[in-house]
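Thanks for coming. I will go through one model today, starting with the strands, then the helices, then the ligand.

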Amino acid sequence: MLHEELKKQLDQQGLSESTPPSSITEWGLLLEKVSKHYEEGQNDQLLAKKSFQIASEELQAFNAKMFDSARLASLGEVAGGVAHEINNPLAILLFANESIEMELAEENPDIKQVNKFCQDISREIFRIKSIINALTDSARDGSLDAPSLYHLGEVMEECLKLYQTKTRTNDVALDIQNNIPEKNLAECNKVQIMQIFINLLNNSLDAVIPLKDRERWIKIILDYHESEYVISINDCGDSISPDLHAKIFNPFFTTKEVGQGTGLGLSLVARLLSNHRGTIELCPDSPSTKFIVRLPN
Ligand SMILES: Nc1ncnc2c1ncn2[C@@H]1O[C@H](COP(=O)(O)OP(=O)(O)OP(=O)(O)O)[C@@H](O)[C@H]1O
Ligand SMILES: [Mg+2]
């Protein structure tokens with residue numbers, strides 16, 4: 001294991017570590033220690049450089065694992081809601097099926113009516129299929145997928161399918177305004193774009209659902225101008241206080257109760273966006289919480 005090699009090197013340098021670092025902070029401290037030694041030139045520089053390189057590799061592997069857990073955690077949040085999303089169409093399927101059976105038991109069944117129920121069944125099966133597709137698409141580790149062309153408005157619509165019941169049962173008005181022309185397709189990794197949208201939507205829902213003193217809403221606007229996609233996700237929560245603006249993008253920063261949030265959602269979003277040369281910012285002059293995502297074409 002890399003850590004063993006690093007430990008041996010550090011022991012030789014008198015920078016001994018008794019246990020492998022287990023958090024990003026501990027890794028940071030170890031890296032700082034090694035690089036300080038390196039800078040001070042107290043020891044063989046090549047050896048110190050190697051230790052530094054090994055520690056960086058371990059840190060990268062640790063980071064990848066950590067963000068993978070964050071990706072799965074954000075999906076866990078929506079997966080629970082999907083069972084409800086599917087219950088509705090299932091109830092319609094059951095009703096349509098029973099109605100067909102009853103109609104066919106008649107002496108002169110009304111074939112037009114039977115046809116109509118058959119169409120209902122096809123439509124609802126399609127609805128269930130598209131909900132399951134959205135979930136399985138977004139749950140994949142798409143990091144190795146080759147980028148392809150997608151309409152970002154359609155990708156967002158696909159994500160919203162996972163939230164219909166949650167927003168309805170919590171009285172949250174979910175509004176989407178898609179101003180991206182049909183012909184404008186973005187070259188992107190769809191799975192990662194879905195994970196970006198899902199994390200932002202989870203955050204907005206977590207913020208607005210507890211609000212009892214106002215109408216609850218989330219507004220999404222997708223625009224395209226000057227070779228750039230601009231997507232704003234705005235919710236009715238009060239704007240985030242300025243002293244938290246920089247902190248919220250830090251890994252592990254959360255204001256949620258212990259066990260409620262990992263604090264990795266926004267850093268995962270920033271990381272996935274940087275894979276697309278995109279950015280995310282919090283709109284500082286909005287009276288409500290508004291995140292702006294920019295993706296170059
Ligand atoms: N829409 C929002 N409204 C209010 N605060 C927000 C919003 N989005 C993010 N935040 C703040 O930013 C913090 C960090 O968000 P982030 O998504 O990184 O982690 P989290 O949501 O706390 O945890 P997790 O994403 O694992 O559920 C949140 O705890 C919250 O304080
Ligand atoms: Mg979050």
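Two strands pair if DSSP finds at least two bridges between them. This is a predicted model, so local features need pLDDT of at least 70, side-chain atom pairs count only at pLDDT 80 or more, and totals for chains, interfaces and linings use all residues. Residues are numbered from 1 along each chain as its sequence is written, with chains lettered from A and ligands numbered from 1 in the order in which they are written. Helices (H or I, at least four residues) and strands (E, at least two) are DSSP runs, numbered from the N terminus.

Now the individual pairs. β4 and β5 run antiparallel, joined by eight bridges. D223 has V230 in β5 as its bridge partner. The two strands form a hairpin with two residues between them, and in that turn E226 has a positive phi of about 45°.

β5 also pairs with β7 (residues 288–296), again in the antiparallel sense, over nine bridges. Within β7, T289 stands opposite D235, and P296 is the bridge partner of E228.

β7 and β6 pair in the antiparallel sense over four bridges. Bridge partners in β7 are R294 for T279 and F291 for L282. A hairpin of five residues joins β6 to β7.

Two packed helices are described by the angle between their axes and the distance between the axes. For α5 (residues 152–160) and α7, the axes come within 10 Å and cross at roughly 55°. That makes α5 oblique to α7; angles under 35 degrees count as roughly parallel, over 145 as roughly antiparallel, 65 to 115 as roughly perpendicular and the rest as oblique. The crossing of α5 and α7 is right-handed. A crossing is left-handed if the near helix is turned anticlockwise from the far one by less than a right angle, and right-handed if clockwise. On the α5 side the residues are L152, V155, M156, E158 and C159, meeting K190, I193, M194, F197, I198 and L201 in α7. By class, this contact has nine nonpolar, no polar and two charged residues. Ala, Val, Leu, Ile, Met, Phe, Trp, Tyr, Cys and Pro count as nonpolar, Asp, Glu, Lys and Arg as charged, and the others, Gly among them, as polar.

How do α7 and α8 cross, left-handed or right-handed? Their crossing is left-handed. The axes come within 9 Å and cross at roughly 150°, and the two helices are therefore roughly antiparallel. α7 contributes Q192, Q195, I196, N199, L200, N202 and N203, while α8 contributes G265, L268, V269, L272, L273 and N275. The residues of this contact divide into six nonpolar, seven polar and no charged.

Last, the ligand. Around ligand 1 there are 22 residues, of which N203, A207, T254, G261 and G265 come nearest; a residue is near if its C-beta atom, placed from the backbone, lies within 6 Å of the molecule. Elements giving two or more residues to this shell are α3 (45–105), α7 (190–208), β5 (228–238) and α8 (265–275). Which element gives the most? α7 does, with four residues. The shell has seven nonpolar, 13 polar and two charged residues.

Note on methods
Axes are lines fitted to C-alpha atoms, for helices over the stretch in contact, and angles run from 0 to 180 degrees between N-to-C directions. Two residues are in contact if their C-beta atoms, placed from the backbone, lie within 7 Å.
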